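The chain is shown first.

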Amino acid sequence: MLNLEEVKKHPGVKECIRKSEYYLNNLGFTDHGLRHINIVSDRAKMLAKTIGLNKKEQELAAVAGYCHDMGNFLQRTEHCFAGAMLFSQFFFNQEDTVDVFEIVQAINDHDEEKHEIVSKVGAVLVLADKSDVHRSRVKDTSPNNIKNDIHDRVNYSVIDSSFRVNKLKKEIVLRLKIDTKITGVMEYFEIFNERMVFCRRAANFLSYKFVLFINNFKLF
C-alpha cells in the first residue's frame, strides 16, 4: 500500500512541490507550499480516521492531501489535472494500482469550479483543503498589499481557525475568528462562498453536515 512517508521521499514529488511553491510565490498567491500541504495532509488523515474510514483510506487521504497542489507549477487553472497526471506517472508501476488511481481521482477533483465529489477520499481532501484559511497563509503582509489584495486581506483577517468533527451530531465544523478591523464577514463570502458550498457537498457525501462559525455566529 502507498504510504505518506514513501511519497514524501519521491524526488519527483519533492521537485513538483518546490517548483509549485516558487511559481505561486512569484504570482503573489497565498501559501500553497509545505505549510499548506502538511496541514491538509494531517487534517485529511484526522478527518478520515474520525469519521470511521479504514486505515488504508486514512493513508490515501493523507497522501492526496500532501500531493494535491503539486501541479501548480505547470498551470494554475488546471493544476488539479496536472497534479493528478504527474502523480500517476510517478506511481503507476505500483502493485496497488487501485490505490494509486484513488489518489489520482481525489487530486483531480478537488477544484470546486469544475468537478464532482465521487469518493470518500476525495470528499475528505476537499474539506481538509478548503478549510485552511488563516493569516499564516499570507506571504506579503505589508499594509499596502493587505489593503489592495482581497485574497490576502481575507486570509490575513483570520486570526484563529479550528477544524473539528462532532460525531454525535454528525457535523464537520470550521470555526474562524476574524479581525473585523481588517475585513468583514461579507468580504469573506465574496471570496470563499463557492468553497464553502463545496465543503457542504463534500460533507453531505460523507453523510455529515458542514457547519461554519465566524466570530461565534453560525453561518452554514
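Helices (H or I, at least four residues) and strands (E, at least two) are DSSP runs, numbered from the N terminus.

## Basis

The model is predicted: local features need pLDDT of at least 70 and side-chain atom pairs count only at pLDDT 80 or more, while totals for chains, interfaces and linings use all residues. Residues are numbered from 1 along each chain as its sequence is written, and side-chain values use heavy atoms, with hydrogens and water left out.

## Loop between β3 and β4

Asn215 is found in the loop between β3 (209–214) and β4 (217–218), and Asn216 is found in that loop too. Asn215 is not a glycine, yet has a positive phi of about 50°; for Asn216, also a residue other than glycine, phi is positive and near 70°.

Buried means under 20% relative accessible area, exposed over 50%, and partly exposed in between (1.4 Å probe, protein chains only). Asn215, at 27%, is partly exposed, and Asn216, at 67%, is exposed.

## Nonpolar core

A nonpolar core is a set of buried Ala, Val, Leu, Ile, Met, Phe, Trp, Tyr and Cys residues joined through side-chain atoms within 4.5 Å. The largest one here has 63 residues, and Phe87, Leu127, Tyr188 and Leu212 have the most contacts inside it. Helix α10 (residues 185–205) gives the largest share of this core, 9 residues.

Contact means heavy atoms within 4.5 Å. Leaving out residues up to four places away in sequence, Phe87 touches Leu2, Val7, Val63, Cys67, Met70, Val100, Ile103, Val104 and Ile107.

## Helix pairs

Axes are lines fitted to C-alpha atoms, for helices over the stretch in contact, and angles run from 0 to 180 degrees between N-to-C directions. Angles under 35 degrees count as roughly parallel, over 145 as roughly antiparallel, 65 to 115 as roughly perpendicular and the rest as oblique. The axes of α5 (residues 79–91) and α6 (residues 97–108) come within 7 Å and cross at roughly 165°, so the two helices are roughly antiparallel. Residues of α5 in the contact include Phe81, Met85, Phe87 and Phe91, and those of α6 include Val100, Ile103 and Ile107. By class, this contact has 11 nonpolar, 3 polar and no charged residues (Ala, Val, Leu, Ile, Met, Phe, Trp, Tyr, Cys and Pro count as nonpolar, Asp, Glu, Lys and Arg as charged, and the others, Gly among them, as polar).

The axes of α6 and α7 (residues 120–130) come within 9 Å and cross at roughly 40°, which makes α6 oblique to α7. Here Glu102, Ala106 and Ile107 of α6 meet Val121, Gly122 and Leu125 of α7; by class, 4 are nonpolar, 1 is polar and 1 is charged.
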